[in-house]
Amino acid sequence: MVEVPQSVTPAVGVNGVFDFPNGSEEFVQVNAFENLRTYMGWVAETDPRGGIDCLPIALYPHADRVSQQDWQKQGIDWSGLANYNQPSFSDDQTPKILLAGDAAGYFQVNLNFDVLAHEFGHHIFFRRIQDLSDSESLQLHEGLSDYLVFAMTGDACLAETICGPGSDCLDTTVGVCLRTAANPYRYNGEYWSALTKYHTRSQLISGTLWDLATEGGLGHPTVAHLVLKSADYLLRDANYENFYEAMHDADAELFNAANTSAIEATFQNRGFSF
């Protein structure tokens with residue numbers, strides 16, 4: 001469902017038609033809804049037995065029109081850009097995706113497909129990885145959510161259209177990206193110690209999966225299916241090794257372990273030694 005604050009005009013269709021001027025408040029809502037519907041459909045098609053598309057979620061495409069203080073009153077730490085909020089698993093609140101319009105250094109975040117799809121990826125992986133006190137758990141959440149977007153779009157550059165002066169976007173080999181799977185990062189490799197934030201370190205995970213699909217020859221549909229199925233085997237406080245084992249478990253379940261060698265070689269090439 002799409003939620004809007006009182007200061008925003010809600011999108012109301014006429015005879016089932018939602019046709020609004022580009023850039024209007026109503027257009028933003030309809031665009032966000034369609035982006036989410038498109039991505040959920042791809043996820044359901046990629047992992048037909050996963051049931052991901054049945055999970056309830058609330059979408060707030062004008063979250064920046066609510067003050068940070070008001071979000072905090074609801075127990076939500078709003079970053080001002082884009083957030084996935086998973087409430088306590090002991091209550092019955094609906095998880096939320098919060099999106100801004102323009103933010104410091106970023107443009108039209110709430111119109112960008114990649115950002116919304118990434119945030120929904122957190123919704124998928126919170127089924128299993130619920131304890132984020134460990135840095136590797138956080139990195140997995142980010143890297144897996146990024147990779148699924150890359151797999152659907154076939155583009156290793158995340159959310160390039162939102163990047164502006166003053167943003168944290170990166171000048172990469174594939175352009176200016178919020179993050180990218182086309183990276184040289186290896187676990188404990190040359191660049192590793194310089195990566196101090198979990199968002200930037202998460203690119204090791206998305207890059208490993210990108211390599212598995214491309215250099216490893218599995219293709220994105222197969223790797224995305226493995227990633228979605230691997231969620232069934234992830235621990236509540238999953239780390240790198242648990243994810244590596246989960247990929248093997250998913251491969252055994254889906255493909256009779258046909259991709260064992262490719263998985264092992266790709267992870268080794270990225271510096272992992274389990």
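Both Cys157 and Cys177 are buried in this predicted model. The two residues form a disulfide. Their sulfur atoms lie 2.0 Å apart, which falls within the 2.5 Å cut-off for such a pair. The torsion about the S-S bond of Cys157 and Cys177 is about -115 degrees, so this disulfide is left-handed. Cys157 belongs to strand S4, which spans residues 157-158. Cys177 belongs to strand S6, which spans residues 175-177. The bond therefore ties together parts that are 20 residues apart in sequence.

A further disulfide joins Cys163 and Cys169. Here, too, the sulfur atoms are 2.0 Å apart. The torsion about the S-S bond of Cys163 and Cys169 is -80 degrees, and the link is left-handed. Cys163 has a relative accessible area of 17%. This value is under the 20% limit for burial, so Cys163 counts as buried. For Cys169 the relative accessible area is 16%. Cys169 is therefore buried as well.

In total, the count comes to two disulfides. With the bonded cysteines of the protein numbered in sequence order, the pairing is 1-4, 2-3.

Terms used:
Residues numbered from 1 in each chain as written. Predicted model: local features only at pLDDT ≥ 70, side-chain atom pairs only at ≥ 80, totals over all residues. Heavy atoms only, no water. Helix = DSSP H or I, 4+ residues; strand = E, 2+ residues; numbered from the N terminus. Buried < 20%, exposed > 50% of the residue type's maximum accessible area, 1.4 Å probe, protein only.
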